[in-house]
Amino acid sequence: MSSRTAGLMNQLKKHQRTLLIVAGVIVVIGAIYMLASMKTGVATEGFATTVEELPRLDGAQFTVSDDETVVVFFKMIGCGHCESFAPTWVKLYEKLNDTKLPNGKKLRMLIVDATDPFARKSDIAGYPTIRKYTSTTEFTDHEAARDEATVSEWIMA
């Protein structure tokens, strides 16, 4: 072994602990990044859409026409319950949006963020809130479990 190689080996041994710590920190940061992206931006398996891509009210005037029912998912950024419900909302949206309800009305589904003016004036008690509007001013809140089957049954009723 040359003296240069021996010198590099000594330096590596001297800094081995520091290198292991740096490598460990990189692995931890990578794992945190992967988990965060799985929660917020990755499509639910079998579905092409993420909750971020679904229609939002975004400050527009909220109206319900005579030939439709609108179901709104009121969500708050950073809300764990909202993030847990988001994949279920994606499934429901892809399955039910623009379908005909038993009463003959078309179903429209929207997301309204807590920061939207409509959410602030809607007297939302907690997030997430799932609300079914039969007119611009008449609504019922979903009060049962937030699993796909229960919410789907409530929407279709």
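Trainee: How many helices and how many strands does the protein have? Which residues make the contact between H3 and H5?

Mentor: The model is predicted, so local features need pLDDT of at least 70 and side-chain atom pairs count only at pLDDT 80 or more, while totals for chains, interfaces and linings use all residues. Residues are numbered from 1 along each chain as its sequence is written, and side-chain values use heavy atoms, with hydrogens and water left out.

The protein has five helices and four strands; these are DSSP runs numbered from the N terminus, helices being H or I of at least four residues and strands E of at least two. Starting at the N terminus, the order of the elements is α-α-β-α-β-α-β-β-α. Of the 157 residues, 32% are buried, that is, under 20% relative accessible area with a 1.4 Å probe and protein chains only, whereas exposed means over 50% and partly exposed lies in between.

Let us turn to the pair of helices. The axes of H3 (residues 80-96) and H5 (residues 148-156) come within 10 Å and cross at roughly 45 degrees; axes are lines fitted to C-alpha atoms, for helices over the stretch in contact, and angles run from 0 to 180 degrees between N-to-C directions. H3 is therefore oblique to H5, since angles under 35 degrees count as roughly parallel, over 145 as roughly antiparallel, 65 to 115 as roughly perpendicular and the rest as oblique. The crossing of H3 and H5 is right-handed, meaning that the near helix is turned clockwise from the far one by less than a right angle.

On the side of H3, the contact (heavy atoms within 4.5 Å) is made by Phe85, Thr88, Lys91, Leu92, Lys95 and Leu96. H5 contributes Glu148, Val151, Ser152, Ile155 and Met156. Six of these contact residues are nonpolar, two polar and three charged; Ala, Val, Leu, Ile, Met, Phe, Trp, Tyr, Cys and Pro count as nonpolar, Asp, Glu, Lys and Arg as charged, and the others, Gly among them, as polar.

Leu110 lies in S2 and is buried, with a relative accessible area of 6%. Residues up to four places away not counted, Leu110 touches several residues, including Phe62, Val71 and Trp89. Its C-alpha atom is separated by 7.4 Å from that of Leu54, 56 residues apart along the chain.

Finally, consider the loop between H3 and S2, where Asp98 lies. Asp98 is not a glycine, yet its phi is positive, at about 70 degrees.
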